[in-house]
Amino acid sequence: LDHPYPGLAVVFLEAGQGVERDDLGAWLEDEHVPALIEGSSAAMALGFTPVPIPDDAPADVPRIAADERRVLVLLFLEADPREEWASRWATQAEVVSGGGLGSVVWASPFIPTLPGTDTFTDQLR
């Protein structure tokens, strides 16, 4: 993860009602993500699922039942994500819901900061 990728696309998904997260994950791994990254600037895609909160965790840590249905996909890009965002990454909500297994909860592009500098701080909101 120390490679200086020029961008990152993040897609946070949730399995649909009555759909197992494993089924959504299998579809993402076998069909959706390979088709998504083909011809794109994506160099690597990583998928994650939440780890259950331990029973002995502090009581103020929220327990969210939806975590059992969620998947996070990180796509490390060899180009600035703004170049492909509208044409490729921003359309994922429609593509995923069309697959019938889930929905996109949140998706966003990221560009790296340059540690030790003020580069991009004028663009923070």
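**Entry 1: the enclosed space**

I began with the lining of the largest cavity and found that helix 1 supplies the largest share, 4 residues. For elements I used DSSP runs numbered from the N terminus, with helices being H or I of at least four residues and strands being E of at least two. A note to myself before going on: this is a predicted model, where local features need pLDDT of at least 70, side-chain atom pairs count only at pLDDT 80 or more, and totals for chains, interfaces and linings use all residues. I number residues from 1 along each chain as its sequence is written, and side-chain values use heavy atoms, with hydrogens and water left out.

How many cavities of 30 Å³ or more are there? I get 1, and the largest cavity has a volume of about 50 Å³. My working rule, on a 1 Å grid over the protein atoms alone, is that a cavity is a set of points where a 1.4 Å probe fits but cannot get out; a pocket is an open set with protein on both sides within 12 Å along at least five of seven lines, and lining residues have an atom within 4 Å of a point. Grid points are joined across faces, edges and corners, and a volume is the space filled by probe spheres set on the points.

I listed the lining of the largest cavity as Val11, Leu13, Leu28, His32, Val33, Leu36, Val73, Gln92 and Val96. Strand 1, helix 1 (21–37) and helix 3 (92–99) are the elements that give two or more residues to this lining. By class I count 7 nonpolar, 2 polar and no charged residues there. In this scheme Ala, Val, Leu, Ile, Met, Phe, Trp, Tyr, Cys and Pro are nonpolar, Asp, Glu, Lys and Arg are charged, and the others, Gly among them, are polar.

**Entry 2: a lining residue up close**

I picked glutamine 92 from that lining and placed it in helix 3. Is glutamine 92 buried or exposed? Glutamine 92 counts as buried because its relative accessible area is 4%; buried means under 20%, exposed over 50% and partly exposed in between (1.4 Å probe, protein chains only). Setting aside neighbours within four places in sequence, I find glutamine 92 in contact (heavy atoms within 4.5 Å) with His32, Leu36 and Val104.

I also looked at alanine 93, which sits in helix 3. Alanine 93 has a relative accessible area of 32%, so I logged it as partly exposed. Its C-alpha atom is 8.4 Å from that of alanine 107, 14 residues apart along the chain.

**Entry 3: the open space**

Next I turned to the largest pocket, which holds about 290 Å³ of space. It is lined by 13 residues, and Ile111, Thr113, Phe120, Gln123 and Leu124 are the closest to its centre. I sorted the pocket lining into 6 nonpolar, 5 polar and 2 charged residues.

**Entry 4: ring pairs**

My search of the whole structure turned up 2 aromatic pairs. One of them joins tyrosine 5 and phenylalanine 76, tilted, with 5.4 Å centre to centre and 45 degrees between the planes. This pair links distant parts of the chain, 71 residues apart: tyrosine 5 is in the segment before strand 1 (7–15) and phenylalanine 76 is in strand 3 (residues 70–77). For the record, rings of Phe, Tyr and Trp (its six-membered ring) pair if their centres lie within 6.5 Å, and planes under 30 degrees apart count as stacked, over 60 as edge-to-face and the rest as tilted. I noted both tyrosine 5 and phenylalanine 76 as buried.

**Entry 5: two strand residues**

Leucine 74 is in strand 3, and I call it buried because its relative accessible area is 17%. Not counting residues up to four places away in sequence, leucine 74 touches Leu8, Ala9, Val10, Met44, Ala45, Leu46 and Phe48.

Serine 108 belongs to strand 4 (residues 102–110). Its relative accessibility is 15%, so serine 108 counts as buried. Beyond its neighbours within four places in sequence, I found serine 108 in contact with Leu8, Ala9, Val10 and Trp85.

**Entry 6: the whole chain**

Stepping back, I count 3 helices and 4 strands, running β-α-β-β-α-α-β from the N terminus on. Buried residues make up 30% of the 125 residues. Of the contacts with a separation of 6 or more, 82% are between residues 24 or more positions apart.
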